[in-house]
Structure formats: structure tokens, C-alpha cells
Amino acid sequence: MNTVTVKGMSKRGFVFALAGLAVAALLGYGGWRMWGGPSAEDAVVNIPPAARRLTKLQYTNVVSDIFGPDVRPGGRMEPDLRQEHLIAIGASKTSITASGLEQYDAAARGIAQQVLGQEDYRAQVMPCEPKSETAADPDCASTFLSRAGTLLYRRPLTSQELEQFTQIASKAATETGDFYGGLQLALSTLMISGPFLFIVDNVDQQSDGEPRLDSYSIASRLSFFLWNSVPDAELLRAAEAGELHTQKGVEGQVDRMLESPKLRQGMRAFFSDMLELDLFDTLTKDAAIYPAFSFDVARDAREQTLRTLVNLLIDRDGDYRDIFTAKETFLNRVLASAYGIPVPTDALLDGNGWFRYEFPSDSEHSGILTQIGFVSAHSHPGRTSPTLRGKAVRELLMCQSVPDPPAGVDFTLIQDTKNPEFKTARDRLDAHNSVPSCAGCHKIMDPMGLALEAFDGVARHRTTENGAVIDTSGELDGVAFKNAAELGQAMRQNAAAATCLVNRLYSYSLGRTPGPQERPFLTDAKQRFVEDGYRLRGLLRAIATSKAFLSVKPAPNSDTIVANADIH
Amino acid sequence: MSVTNRLATRRRFLQGMLQGTAITVGLPFLECFLNGNGTALAATGKELPVCFGTWFWGCGLNPGRWEPKTVGANYDIHDELEPLAAFRDRMNVFSGLRLFADGKPFNPHGSGAIAVMTGDVPSAIGTSNYLPSLDNLIADRVGAGRRFRSLEMTATGDPKDCYSYRGGRVVNSAEPSPVAMYERLFGAGFVDPNAADFKPDTKVMLRHSALSAVTEQRQSLMRDLGASDKRRLDEYLTSVRQLEQQLAVQLEKPAPMAACTMPPKITNAKSDGLELESVKTNNQLFAKLAAHALACGQTQVFNVVFTNAISGLRKAGEPSTHHLLTHEESVDEKLGYQKKATWFLGEVISSLAVFLKELDSIREVDGTLLDRTLVYASSEGGLARTHSLENIPVFTIGSANGRVKTGLHVPCSGDSITRVGLTIQQAMGLPVAKWGTDSNETSRPIREIMV
């Protein structure tokens with residue numbers, strides 16, 4: 001059995017947490033060339049330490065990675081906050097409300113019960129046996145809590161913390177006559193404490209007195225960026241050994257992490273965030289207009305987009321720009337039915353019911369833009385919206401801002417969809433755009449959205465609307481297209497798409513929008529991304545090993561603790 | 001004295017009790033708390049606690065179709081306010097109020113929703129800090145001793161549809177499920193204030209005690225952080241203390257609340273997003289839950305979202321939402337307004353009446369629960385068709401135990417909507433002389449309704 005090697009941990013237990021120790025066999029991709037170390041353009045940006053609330057996905061991943069995939073947080077969790085286009089940035093801005101903490105508390109108690117309340121499961125996670133199951137055993141409780149706490153806090157517990165949580169377990173065990181009940185309380189309390197729920201940067205000093213991120217904070221930055229979860233035992237070992245304070249040590253760990261199967265988990269999280277796939281959490285469609293849409297379709301549509309991206313960018317180490325043109329995708333029976341594609345026999349399905357599918361070369365289906373995961377999310381419940389779709393292309397995939405519509409303007413030049421005079425969305429928008437104050441913004445959004453009009457509100461292909469032929473032609477920044485497939489080609493050629501990925505990925509990695517001082521680094525990273533053939537792994541490595549990513553300076557007033565919050 | 005000390009005292013007391021065998025605390029006979037009419041008096045003989053709630057909808061009302069034509073008492077109710085006719089004498093209508101954007105980039109609907117709740121038009125949505133909203137300002141004042149400082153609910157099915165701000169970028173989320181809200185209120189942690197016996201739960205006591213390990217990490221947690229991050233973590237620690245408070249309440253014998261009864265258990269409530277019937281069903285269920293929660297002393301503050309700011313309400317089988325109709329439907333030449341879009345407004349105001357009826361259905365001392373409550377009902381703008389910031393519909397319903405006069409129409413032509421928020425805060429006892437920012441700042445409460 002593998003062993004967690006963090007100091008003080010015993011040899012037993014936490015089998016699921018150890019899965020990450022087994023370095024994956026090299027994946028079957030080719031062509032990724034290793035970049036050298038960070039470039040001369042690396043900026044030392046000296047950003048103050050940050051505190052990021054665990055996102056919902058991170059919480060789920062952490063629980064799964066530490067306790068095993070069978071242990072699931074129950075109930076609803078406080079929603080993530082999306083700011084500046086990313087949940088990752090919102091996590092750096094928000095806190096935990098009273099009702100949110102109730103939810104974390106309920107989830108934590110449920111997890112503790114699942115982990116420690118069942119004898120068979122307990123046997124897998126306990127590193128020791130209590131002297132009695134009906135009395136306190138501080139030694140055994142401490143051994144468990146030291147181990148669990150290290151994984152949950154992403155650093156060893158301080159002696160004071162360990163003593164406090166052990167006391168919680170002992171006191172509860174004594175009061176209730178239940179050792180494991182006491183341990184459950186200590187574990188669930190750990191899981192609503194600040195060092196678990198917030199990823200907090202801690203600062204120490206180099207030998208020359210200069211501040212730096214402490215090694216465990218570096219480990220967390222790396223693991224949440226690349227895996228969207230906690231560091232594994234090897235990364236914690238490297239942190240403990242001080243290896244993450246050297247460029248070589250960081251590069252070695254990053255290279256290992258980029259080869260791990262957990263990279264898929266990490267990049268699924270990034271693209272979920274970048275493409276706002278959380279919209280599917282609450283997406284509804286009118287059942288009479290779109291009877292084929294269902295909860296299952298919504299769930300699987302998100303999965304289709306993520307599988308498409310992970311296959312192209314991670315498994316095949318492909319060119320990022322191909323996400324706009326790829327004919328290859330992955331479907332299951334639910335989605336095949338939704339797209340109107342013949343459902344394959346069981347033999348063609350993988351163990352989870354999915355199969356690889358390639359749209360014909362002359363099909364208008366083209367990359368992620370024509371998937372349900374995009375066109376359905378950016379539509380109204382009962383109809384399409386070229387404007388919402390075009391806006392999403394500009395904002396999510398090109399990182400361009402579209403101003404809000406003006407106040408005090410009458411928009412009713414558009415007629416309703418049943419008006420016989422305006423049969424297609426283009427007709428209605430043409431009427432709308434006769435208002436000069438509207439036309440400016442619609443011109444930069446609508447053409448892409450109109451190209452996607454060949455796909456209805458749930459991505460079913462169509463050629464007519466209300467009996468009129470749909471005109472899908474347009475142009476994107478000077479490049480003309482006739483349909484959605486050619487729009488995909490235009491997006492592929494548009495430099496803004498690659499620049500956007502670099503900026504979003506960097507913002508995601510740090511949970512903040514980059515400042516002007518980081519532009520040289522981003523310019524350099526973009527250039528190298530292009531030279532490297534738009535490979536995601538190379539870009540990840542460039543960011544994760546950069547000085548920009550790991551630098552820190554103390555907050556100006558870090559020695560001052562603000563006055564205690566009002567107590568209500 | 002800080003709550004920390006108070007909780008410590010309470011904890012020591014309970015720990016002392018728990019050292020021995022399980023205890024049963026006998027309560028005075030319930031009839032002692034009923035007056036001659038069978039309605040409730042507080043256990044102490046003092047007035048029952050005042051309550052405050054917000055009820056929000058998006059896309060306003062049509063100018064000219066809701067404002068009373070007469071001023072003051074006995075105002076006329078017509079057209080779009082007709083569903084509220086039964087509440088006229090316990091409701092105030094404020095016409096002519098508006099928001100000032102002061103040249104800031106104004107997100108139609110979104111900025112208005114924030115501003116009517118916080119008194120501040122944010123410089124940008126998504127990148128600005130928000131000021132605390134009215135419900136939180138009041139909850140921090142009056143909700144301290146309750147099991148829940150406040151309850152946030154949305155009938156839309158989306159927990160992010162919530163216009164309740166704690167300050168900075170900390171936004172409360174709303175409970176979208178009446179089933180979950182029922183469990184939260186009346187499930188395992190509920191202590192019936194009228195139960196004859198009371199027995200503190202050892203496990204609750206232990207959970208309460210354990211939380212000190214969390215609050216004691218404050219110093220080390222914040223060691224290297226800047227001021228804004230420290231404030232965020234302090235907000236989290238305030239939530240930890242609220243959880244402590246919630247558990248402490250469960251450990252104490254509650255004061256009897258004679259009007260408290262358990263609502264019917266909600267086991268199934270299917271949400272279909274903003275489909276109108278689904279929203280109306282949720283509104284009715286949340287109304288019942290809120291009413292029973294207030295009557296049982298579980299909270300004094302609630303925040304209800306009926307539609308999101310952009311009102312994505314939709315009628316089953318129709319391709320256009322309420323919001324889309326406000327921008328796309330032609331104005332009916334005969335009627336003078338958009339017929340389909342206005343139909344939704346009728347449904348909205350009828351649903352407000354449904355909510356109020358639930359509060360009004362609980363009889364208490366010489367009145368109903370609605371009488372000791374003050375409901376702030378508002379939209380985010382005026383005429384939705386033009387994203388107008390003028391003539392925003394705002395009503396208050398209930399008198400907060402006589403703290404405001406009711407039954408009045410008060411024209412406030414051209415004033416900022418913040419005047420209502422300032423008036424409410426002062427009525428609820430907050431020591432505040434002005435409210436709002438920039439051109440929305442006001443120091444003029446609406447004296448016509450002040451007692």
C-alpha cells in the first residue's frame with residue numbers, strides 16, 4: 001500500500017487520497033515539446049497574498065480526492081460568485097454568508113458520518129483503532145485528525161490546532177460514550193473552519209529577508225490551478241522538503257502534475273468556468289416548445305463540451321484553435337436523440353454509455369459553438385437569441401466587452417415572433433437595429449449569433465424559421481462566413497481567441513484580473529503559445545512555473561488585524 | 001457585552017445542566033399567554049417582535065396604471081394595483097420615486113435591483129463592491145437573538161436570484177426550494193416554543209462548544225492578508241457566530257409564541273425555473289413558510305424574490321418571456337400599453353397579495369402577523385419598455401406594530417427611492433440620519449407615514 005509521507009502520518013489509511021500518488025503512465029499524445037524555464041520577460045509582480053473561498057467544484061473534488069469518490073457532499077451549497085467573467089475571481093472576492101455556512105455545516109456533518117459512521121468505510125480511513133469505541137482515546141483521535149487535517153488544510157496542523165480538535169473529539173466522546181461520534185464532530189468542525197474553506201496564502205521569508213509564499217501555499221496554488229483540488233502526498237512532501245522554493249523543484253512537480261490524470265479534472269474545471277457551463281445548473285426550457293430538452297440533456301450537454309475539450313486539448317495535445325472547428329465529439333444516447341443522430345448499439349458505448357462521434361465533413365456542426373452546451377445556454381427558454389449567442393462569443397471566447405443596452409430607449413421596433421412580417425431573427429434584428437443607439441453594439445454581436453441560427457434553442461439543426469430560409473452569412477472582424485462551420489473557421493483564425501485563452505487561464509490561476517505590470521509576461525506567454533502550436537499543456541507549464549504565478553509581497557498593512565467583526 | 005461572552009455564559013450554564021442526567025424544564029401553562037380573544041401575547045407581556053421583509057419583482061409597472069389619483073388616506077386603487085385592494089388601509093403607496101444613475105454605466109434591471117435595496121447605484125455590476133442592503137441593515141439590528149438572522153427565498157428556482165447584500169461582494173444566496181426551506185425551518189433543529197417540556201440536546205451543545213476552535217483561528221488565518229481580505233474573513237467569522245447563535249437558541253427554552261403552529265410539511269415542490277405557475281406555487285409555499293417562521297419566532301427578517309430583476313417570467317408554451325415582451329411587443333393602440341407584458345404584471349401583483357394574505361392569516365394580539373410586520377415591496381425600475389428609472393413602484397405593507405402610519409398615498413415626485421429605505425430604517429429603530437449615495441443620498445424620511 002502506498003503511504004502518505006507527510007511527517008507524522010502513519011502507514012495506514014486514506015487509501016483514496018493516495019490514488020494521486022501513482023504517477024500516471026504517459027498519455028498517448030504526441031508532439032508536446034517541453035518549454036524551457038520561465039522566459040526573461042517574466043515579471044516579478046509582487047501581488048499581495050490572497051484568500052480564495054473553495055468553489056463548489058473544488059469542494060466536491062477535495063472530498064472525493066481525500067475520502068474517495070463514493071463520499072459525496074449532500075444538499076445544496078452556497079452558489080459560486082462569478083466576477084469579471086470567472087468564478088475563480090469571484091472566489092477571491094466573496095465570503096461565506098450565514099445561510100452558506102449552514103450548508104457547509106450540513107455537508108461536513110454528512111461527510112463525517114459517511115466516512116466515520118460506517119464500520120466498513122471506517123476501516124479504510126482509520127490509521128489506528130481506539131482502545132474503546134465507547135470512550136475517548138486522544139492518541140488515536142489525534143493520529144486521525146493529524147492526517148485528515150493535513151490533507152484538508154493543505155499543510156500540517158499546528159500543535160495548537162491539533163490539540164484543540166483532539167479535545168473536541170475527546171469531549172464529545174466522553175459526553176456521548178461514542179469515540180467515532182466524537183471524531184465525527186472534530187472532523188466536521190475542521191471542515192467548516194477557515195483554513196479549509198479558504199485557500200489562504202501564507203508568507204515566509206527567504207534567507208535574504210525577502211518575502212515569499214511559503215512552500216505549502218505554493219503547493220496549493222499549483223494543485224488548485226492544475227487539478228482543481230488539494231495537493232497530493234508527493235506535492236506535500238516536496239513542500240515539506242522545501243523543494244518548491246527552487247525553480248527546479250517547481251518544474252519537476254509541474255511536469256509530474258501535467259502528466260497526472262487529475263489534469264483532466266483541473267481543465268474541466270477551468271473550461272466550465274471560462275464557458276460558464278454552470279448556467280446548466282438552473283437552465284430550463286419551455287417543455288411545449290422544446291419537448292426534447294430535459295434535465296438529462298442539460299447535464300449531458302455540459303459533459304459533451306467538456307469531453308470534447310479534454311479529448312482534444314489534453315488526451316490528444318491538440319491545437320486550441322481546433323475547438324472551433326472539430327467535427328469529433330462525444331455523445332450518449334440522450335444527446336444522440338437530442339441532436340437527431342441514430343443511437344448506436346451497446347457495443348459502441350463505453351462503460352459510461354458514451355461514444356465517439358464525428359459529424360460529416362460538410363456538416364454545419366463545428367466545434368463547441370454548435371453544441372447544446374453553447375447554443376442552448378445562450379438562448380431564451382422558448383426561442384433562440386442571436387444577440388445572447390454573439391455576446392457570449394465576444395465575451396467568453398474573445399475576452400471582449402459588450403456594453404449594456406442603454407436606459408431610456410424604446411425597443412419595441414422588434415415585433416413578436418408571430419408577426420408575419422418578420423419571420424426570422426435576422427428580420428427582427430434588422431428592424432431593431434434601425435435604432436442608431438442599438439445598432440453599434442448589435443453589429444459586433446449579432447453576426448456570429450445569426451450564423452448559429454441554423455441551430456434552434458436546443459441545438460437541433462434547421463434551415464428555416466416560420467417557413468423562411470435562414471440566412472446564416474456574416475462576417476467576423478473582416479472575415480466573411482456563410483454558415484456556422486465557416487464561423488468556426490473565422491474564430492480559428494482570429495488572434496483574439498488565443499489571446500483570450502492566455503488571459504483567462506492566467507486570471508483563473510490566480511483568481512484575479514492581471515494588472516498592467518503583468519502584460520509583458522502575458523504577451524510573452526501568448527507568443528510562446530503560438531510558437532508551440534497552441535498546445536494547452538505548454539501554456540499551463542509556462543504559467544505554473546513563472547515568477548508571476550508564484551510571487552508575493554506582504555499586504556501593506558498585514559501586521560494590522562482589523563477590528564473584530566461586529567458580533568450579532 | 002459581546003455575544004461571545006454571552007454565549008460563553010450560556011454554554012457554561014448548559015454544560016452545568018448537562019453534567020447531570022437529562023433534564024426536563026417545565027413551562028408555564030400555555031393559556032397564560034392567550035388573551036380573551038384567544039390571540040397571543042408575548043411570554044413577557046411585551047409586544048411581539050417587529051418583523052421586516054422585502055418582496056421584489058422585476059420590470060416595474062406601467063406608468064399611469066398604478067399610481068392613485070388621490071393623495072393621502074382613502075386613496076383610489078385601480079388597474080394594476082387592484083389585486084391589493086384588500087390591503088389598501090394597511091398599505092402605503094409611494095409614487096414618483098426614482099433612481100439617479102449619476103452618469104455611471106447602468107446595467108438595465110441589474111443596477112436598479114441593487115440600488116433599490118442598497119441605496120447605491122454600483123459603478124459596475126460584477127466589479128463593484130456593494131453596500132449592505134436594507135434587509136441586512138435591519139437584520140443586524142433586530143434579528144440578533146433569533147435562530148435565523150434572516151431568511152432569503154426566491155421563487156425563481158435559481159439561488160443566485162437574490163438581492164441581499166452583506167457589503168463588499170458578499171451576496172446572500174436565496175433558498176430556491178420550499179422543501180429545503182421547510183426542513184431548514186421546521187426540521188431537526190426546530191424547537192417548538194409552545195411545547196410543554198424542553199430538553200436540551202447534548203449533541204447540539206457539543207457542536208456549539210466546538211465552534212470556538214474555529215473562531216479562535218482568526219489571528220493566524222488573517223496574518224498575511226490585506227484589509228479587504230480580512231474583512232471578507234471577518235464576514236465568514238460573523239457567519240460562524242451566527243451558527244453559534246443558532247445552536248444556542250436551540251439550547252434554550254424558547255419564549256412561548258401562542259400563534260406558532262407547524263405549517264403542513266412540504267415534501268414535493270417541482271421547480272420549472274421562471275415558468276409562471278411554478279413561480280406562483282413557490283411564492284405561495286414560501287409565503288406560508290415565512291409566516292409560520294415569523295409566528296414561531298424563528299426570524300424577524302425575510303427577503304423574497306418573486307422574479308429576477310430582468311423578469312424572465314414565462315407562460316408555458318410561449319416563446320417570449322415577460323422581459324422580452326416589454327421590449328418587443330407593440331403598444332396596443334386602443335389600450336395604450338403592451339397587452340401581453342401587462343398581463344404578467346397582473347400576475348405579479350396578485351402574487352404579492354397572495355404573499356401578504358399568508359402573513360395576514362395568522363391572528364395575534366388585536367391584529368395579525370402582518371400588522372407587526374413591515375413589508376417593503378418594490379421593483380427595480382419604472383416602465384420596463386424603456387428601462388426607465390423614473391416612477392418606480394414602491395409600497396410598504398403593515399405597520400411594524402404601529403411604528404408607521406398606513407393607508408396613505410404619498411406622491412414623492414422626482415425624489416430618490418432611498419427616502420423609503422431611510423424611513424423604514426428609522427421606523428425600525430436604526431440610528432441613521434441619511435441613506436443612499438451620490439444623488440440618491442437623502443436625509444429626508446417620508447414624514448407623512450412616520451408616527
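In chain B, strand β5 runs parallel to strand β9 (residues 301-305), and 4 bridges join the two. One bridge can be picked out by name: B:T154 has B:V305 as its partner in β9(B).

Before going further, a word on the model: it is predicted, so local features need pLDDT of at least 70 and side-chain atom pairs count only at pLDDT 80 or more, while totals for chains, interfaces and linings use all residues. Residues are numbered from 1 along each chain as its sequence is written, and chains are lettered from A and ligands numbered from 1 in the order in which they are written.

Back to the sheet. β5(B) and β9(B) belong to an open, mixed sheet of 8 strands in chain B, ordered β3-β14-β4-β13-β12-β2-β9-β5; two strands pair if DSSP finds at least two bridges between them. β3 (72-73) and β5 (151-154) of chain B are the edge strands, each pairing on one side only. Helix α9 (residues 276-295) of chain B packs on this sheet, where it touches β2 (51-56), β5, β9 and β12 (373-378) of chain B, and its direction makes about 170° with that of β5(B). Angles run from 0 to 180 degrees between N-to-C directions, and axes are lines fitted to C-alpha atoms, for helices over the stretch in contact.

Here are the two chains in brief. Buried means 20 or more other C-beta atoms within 10 Å of a residue's own, with C-beta atoms placed from the backbone.

| Chain | Secondary structure | Residues and share buried |
|---|---|---|
| A | 23 helices, 10 strands | 568 residues, 54% buried |
| B | 12 helices, 14 strands | 451 residues, 57% buried |

Where the chains meet, 70 residues of chain A are in contact with 73 residues of chain B, contact meaning C-beta atoms, placed from the backbone, within 7 Å. On the chain A side, α6(A) gives the largest share, 7 residues. That side divides into 33 nonpolar, 23 polar and 14 charged residues. For those classes, Ala, Val, Leu, Ile, Met, Phe, Trp, Tyr, Cys and Pro are nonpolar, Asp, Glu, Lys and Arg charged, and the others, Gly among them, polar.

A:Q103 sits in helix α3 of chain A. It counts as buried because 22 other C-beta atoms lie within 10 Å. Leaving out residues up to four places away in sequence, A:Q103 touches A:G75, A:R76, A:M77 and A:E78.

Chain A also has a helix pair to look at: α9 (residues 215-226) and α10 (residues 233-240) pack at an angle of about 150°, with axes 8 Å apart. α9(A) and α10(A) are therefore roughly antiparallel, a label for angles over 145 degrees. A:S215, A:Y216, A:I218, A:A219, A:L222 and A:S223 of α9(A) meet A:L235, A:L236 and A:A239 of α10(A). By class, that contact has 7 nonpolar, 2 polar and no charged residues.

Lastly, helix α22 (residues 536-544) of chain A is mostly covered, with 9 of its 9 residues buried. Those buried residues, including A:L536, A:R537 and A:R541, pack against α9, α11 (247-259), α13 (295-315), α20 (495-510), α21 (519-531) and α23 (547-550) of chain A.

How values were computed: Contact = placed C-beta atoms within 7 Å. Parallel < 35°, antiparallel > 145°, perpendicular 65-115°, else oblique.
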